[in-house]
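Let's walk through this model by its side-chain contacts, from strand pairing to charges, rings and sulfurs. Keep the viewer open as you read.

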Amino acid sequence: QVQLVESGGGLVQAGGSLRLSCAASGRTDGYAMGWFRQAPGKSREFVAEISWNGRATSSTDSVKGRFTVSRDNAKNTVYLQMNSLKPEDTAVYYCAARLRDKPGYNSWGQGTQVTVSS
């Protein structure tokens, strides 16, 4: 398993942008990486994912066109660029890793808080 540490969260006004980073303790090129979020009183939900080589991405409908996931395997870092933020994007955002040939995420970061004010 890799150890993951998120950063970049904060308070931003609606319409603003933030970029989250997820730094891994080791090499990440054998892992697909994902971003999840959990809002108060809600269950954790999938946000976006990027394949081990960065060639494929997917995201949930509510963030399409606004959020972009990317990675730099040379830096063992994954990013989530969030634009046009809305108050409903407020949540704790988690980075996660899964082996590229396995379906389940088995490594998780501690989370970073994103708060969007209206």
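This is a predicted model: local features need pLDDT of at least 70, side-chain atom pairs count only at pLDDT 80 or more; totals for chains, interfaces and linings use all residues.

Strands β1 (residues 4-7) and β3 (residues 18-24) run antiparallel, with four bridges joining them. Strands here are DSSP runs of E at least two residues long, helices are H or I runs of at least four, and both are numbered from the N terminus; two strands pair if DSSP finds at least two bridges between them. Within that pairing, V5 stands opposite A23 in β3. Look at the two faces of β1: L4 and E6 make up the covered one, while V5 and S7 are on the uncovered one.

Residues are numbered from 1 along each chain as its sequence is written, and side-chain values use heavy atoms, with hydrogens and water left out.

C22 is joined to C95, with an S to S distance of 2.0 Å. The link spans distant parts of the chain, from C22 in strand β3 to C95 in strand β9, 73 residues apart. The torsion about the S-S bond of C22 and C95 is about -80°, so this disulfide is left-handed. How accessible is C22, buried or exposed? At 1% relative accessibility, C22 counts as buried, where buried means under 20% relative accessible area, exposed over 50% and partly exposed in between (1.4 Å probe, protein chains only). C95 is buried as well, with a relative accessible area of 0%.

Now for the charges. Side chains of opposite charge can pair when their charged atoms come close. Searching the whole structure turns up six salt bridges, each being a side-chain nitrogen of Lys or Arg within 4 Å of a carboxyl oxygen of Asp or Glu. One of them joins R27 and D29 at 2.5 Å, N to O. R27 is exposed at 61% relative accessibility, and D29 is partly exposed at 27%.

Compare that with R37 and D89, whose side chains meet in a salt bridge at 3.0 Å, N to O. R37 lies in strand β4 (residues 31-38) and D89 in the loop between β8 (77-82) and β9 (91-99), so this pair ties together parts that are 52 residues apart in sequence. Both ends are out of the way: R37 is buried at 6% relative accessible area, and D89 is buried at 1%.

Then there's R98 with E49, a salt bridge at 3.1 Å, N to O. Here the distant parts are strand β9, which holds R98, and strand β5 (residues 45-50), which holds E49, 49 residues apart. R98 and E49 are both buried. Elsewhere, salt bridges that share partners join R37, E45, R66 and D89 into one network.

What about the rings? The whole structure has four aromatic pairs. Rings of Phe, Tyr and Trp (its six-membered ring) pair if their centres lie within 6.5 Å, with planes under 30 degrees apart counted as stacked, over 60 as edge-to-face and the rest as tilted. F36 and F46 have ring centres 5.7 Å apart and planes at 75°, so they are edge-to-face. F36 lies in strand β4 and F46 in strand β5, so that pair ties together parts ten residues apart in sequence. F36 is buried at 11% relative accessibility, whereas F46 is partly exposed at 28%.

F36 also forms an edge-to-face pair with Y105, at 5.1 Å centre to centre and 80° between the planes. This one reaches from strand β4 to the loop between β9 and β10 (107-108), where Y105 sits, 69 residues away. Y105 is buried, with a relative accessible area of 17%. Ring pairs link F36, F46, Y105 and W108 into a cluster.

Finally, charges meet rings. A charge sits over a ring if NZ of Lys or CZ of Arg is within 6 Å of the ring centre and within 35 degrees of the ring normal. The charged end of R98 sits over the ring of Y105, 5.8 Å from its centre. R100 lies over the face of W52, 4.1 Å from the ring centre.

How values were computed:
A disulfide is a pair of cysteine sulfur atoms within 2.5 Å.
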